[in-house]
Amino acid sequence: PLIVKNFFPLLLFKLYMVGWGLGAIYSVPPFRTKQNPILAGLTIATVRGFLLNFGVYYAVKDAIGATFQWSPKVAFIARFMTTFATVIAVTKDLPDIEGDKAYNI
């Protein structure tokens with residue numbers, strides 16, 4: 001986190017910390033959202049769908065010195081990737097159902 005805080009804009013640090021926090025509640029008790037398929041899907045879709053894509057886009061704009069502003073293209077890719085990540089998040093755990101039951105996850 002210190003590298004991101006020291007070398008990137010404040011917004012990217014905040015996005016990074018939101019992603020870090022969501023990753024923690026996905027895996028760490030007592031929250032462990034991965035135990036609930038809906039919460040797990042929402043967590044993964046938020047981080048991989050929105051935060052990652054928006055963060056990379058914002059970082060590139062900042063790196064080349066361009067100002068960021070929402071546009072139809074940016075809104076489309078953010079929505080598309082969030083939807084795509086949601087589908088992946090929901091289907092990725094289907095093969096793990098038996099193992100999860102065996103280990104009470």
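1. Is arginine 32 buried, partly exposed or exposed? Arginine 32 is partly exposed, because its relative accessible area is 23%, where buried means under 20%, exposed over 50% and partly exposed in between, for a 1.4 Å probe and protein chains only. Arginine 32 is found in the loop between H2 and H3, and its phi is near 40 degrees, a positive value in a residue other than glycine.

2. Some remarks on the basis of these notes. This is a predicted model, in which local features need pLDDT of at least 70 and side-chain atom pairs count only at pLDDT 80 or more, whereas totals for chains, interfaces and linings use all residues. Residues are numbered from 1 along each chain as its sequence is written, and side-chain values use heavy atoms, with hydrogens and water left out.

3. As to overall architecture, the protein has five helices and zero strands, with helices (H or I, at least four residues) and strands (E, at least two) taken as DSSP runs numbered from the N terminus. Along the principal axes, the C-alpha atoms fill a box of roughly 50 × 30 × 15 Å. Of the 105 residues, 23% count as buried. Among contacts (heavy atoms within 4.5 Å) between residues at least 6 apart in sequence, 55% join residues at least 24 apart.

4. Threonine 33 counts as buried because its relative accessibility is 9%, and threonine 43 counts as buried at 9% relative accessibility. A polar contact of 3.3 Å joins the two side chains; the term denotes a pair of N or O atoms within 3.5 Å, of which, within protein, one must be able to donate a hydrogen and the other to accept it, and residues adjacent in sequence count only if both atoms are side-chain atoms. The side chain of threonine 43 also reaches the backbone oxygen of leucine 39 at 2.7 Å. Leaving aside neighbours within four places in sequence, threonine 33 is in contact with Ile25, Tyr26, Leu39, Ala40 and Thr43, and threonine 43 touches Leu22, Tyr26 and Thr33.

5. The largest nonpolar core is made up of six residues, Leu12, Leu15, Leu22, Leu51, Phe54 and Tyr58; such a core is a set of buried Ala, Val, Leu, Ile, Met, Phe, Trp, Tyr and Cys residues joined through side-chain atoms within 4.5 Å. Helix H2 (10–27) and helix H3 (37–63) each supply at least two residues of this core. Leucine 22, again not counting residues up to four places away in sequence, touches Thr43, Thr46, Val47 and Leu51.

6. The largest pocket has a volume of about 280 Å³, the volume being the space filled by probe spheres set on grid points joined across faces, edges and corners. A pocket here is an open set of points on a 1 Å grid over the protein atoms alone, where a 1.4 Å probe fits, with protein on both sides within 12 Å along at least five of seven lines, and lining residues have an atom within 4 Å of a point. Of the 13 residues that line the largest pocket, the closest to its centre are Leu12, Leu15, Tyr16, Leu51 and Leu52. The largest share of the lining, six residues, comes from H3. By class, the lining divides into 11 nonpolar, two polar and no charged residues, where Ala, Val, Leu, Ile, Met, Phe, Trp, Tyr, Cys and Pro count as nonpolar, Asp, Glu, Lys and Arg as charged, and the others, Gly among them, as polar.
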